[in-house]
Amino acid sequence: MEQTRFKKVSNIDIIETRVRGFISDIQHPNQKKKININDLEFQLRKLLDNYYEMDGYTLFHHAIETLQSEGQLIPIQNTLYNGRTPSLPLFFWVNIKLQSAKWDRLEMMKLNDLFDFSYYEHHPEWQTEEEWIRIKNVYTFLKSSQEREEVSLEERSVELFGHENFLIDADSFPEGKGFLARIGVAKEQLNIVRLSEPFVFWMKQGKEITDIQRVLIVENLSFFHTSIKLLEAGQLDYEPELIIYGEGTKIEQSFSFFFQIFPEKPYLFYYTGNLDAGGYTIISRLIEKYPACCIQPALKIYRKMLECAGQRKIPHKTEANNIIYRDQFLQWFTEDEQFHLIQLWEQNMRIPQEVLTIETWRRWM
């Protein structure tokens, strides 16, 4: 039994070694090569007299699948197969040859007090001159990081990598994605600070910052300006001292900016947005992210929007949206209101915040 197992392993090694050798010989450093899998097997059979006795095709099939899983071989998807069982695609692309290690191991050892180079040892294709320059820049910075000030991620990226979006724009800088993970460094080690994105707001005339108690957050620009007019006329629900323009989902990132402007104390935050999946999601995530703040839907304003539903419903696809956020939002309403909101959802309809204008508001004055 043990001898049989050993013989099987040896056969696999022979077949796989030969196949890897063939593939390595035709690999190109800059472009993919196309191969016919039957031609490859034919060359293998010529070299091994006992190919059939060792069940060579089964082992050949295993070797091809192994190289495919490693990304060295890429099947060309079409209707052609090699006519054997189990079958293989007749044509494969041979991927480009991985670059051999270029970095001086002694130089790597000089930096391994701060970096883990194991990833580069297993992936020598990343051992490029550009990557080494980036590593050296980070190493130099980390050696004096305790003396450095905190700056934004974008500012630090310009300093270390020559572009502010190197670590955050994977489309423009694919080499930036995972760079810090490759060297085992956390973003926090770069002495960066997350900056709150500012937002537009309007404070009621005659009020001081210390007077702020009630805050209305408005999803859309049109109703933001409408709210200002209503506030100054003394006709806006909740009588907020401050109105914030949320700019859709942007408020989820910019909300923390509030606490850089206004003093720390309890506030009442009312949120109003579209009656649709996006609006439900925004307020639900705000409540989740800032549980210490008193954030709730501006129900009086939402109810006015519902009263406009008869003439202002707009088609809206909801099948791909998060029902959990919808249900979290609906729990603030009465059973009758929930019934109407569910109907809107099931009919794939929405009510935009823009139904509320100075003119439509007159019915409640």
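Mentor: A residue is buried under 20% relative accessible area, exposed over 50% and partly exposed in between, with a 1.4 Å probe and protein chains only. This is a predicted model, in which local features need pLDDT of at least 70, side-chain atom pairs count only at pLDDT 80 or more, and totals for chains, interfaces and linings use all residues. Residues are numbered from 1 along each chain as its sequence is written, and side-chain values use heavy atoms, with hydrogens and water left out.

Trainee: What makes Lys 250 and Glu 247 a salt bridge?

Mentor: The term requires a side-chain nitrogen of Lys or Arg within 4 Å of a carboxyl oxygen of Asp or Glu. The closest N and O atoms of Lys 250 and Glu 247 are 3.0 Å apart, so the pair qualifies. The whole structure holds 18 salt bridges.

Trainee: Is Arg 156 buried or exposed, and how do you know?

Mentor: Arg 156 has 1% relative accessibility and therefore counts as buried. Its salt-bridge partner Glu 159, at 2.8 Å from N to O, is partly exposed at 37%.

Trainee: Where do Arg 156 and Glu 159 lie?

Mentor: Both are in helix α7 (residues 153-161), three residues apart, about one turn of the helix. A helix here is a DSSP run of H or I with at least four residues, a strand a run of E with at least two, both numbered from the N terminus.

Trainee: Which parts of the chain does the pair of Glu 70 and Arg 20 link?

Mentor: The two side chains meet in a salt bridge of 2.7 Å, N to O. Glu 70 is in the loop between α3 and β2 (73-75), Arg 20 in helix α1 (residues 2-26), and 50 residues separate them. Glu 16 joins Arg 20 and Glu 70 in a network of salt bridges.

Trainee: How do you know what span is expected for helix α3?

Mentor: The expected span is 1.5 Å times one less than the number of residues. Helix α3 (residues 56-69) has 14 residues and reaches 20 Å from its first C-alpha to its last, close to the 20 Å expected.

Trainee: What makes β5 and β7 a pair?

Mentor: Two strands pair if DSSP finds at least two bridges between them. Five bridges join β5 (residues 214-218) to β7 (residues 268-272), so they pair, and they run parallel. Ile 217 stands opposite Tyr 271 in β7.
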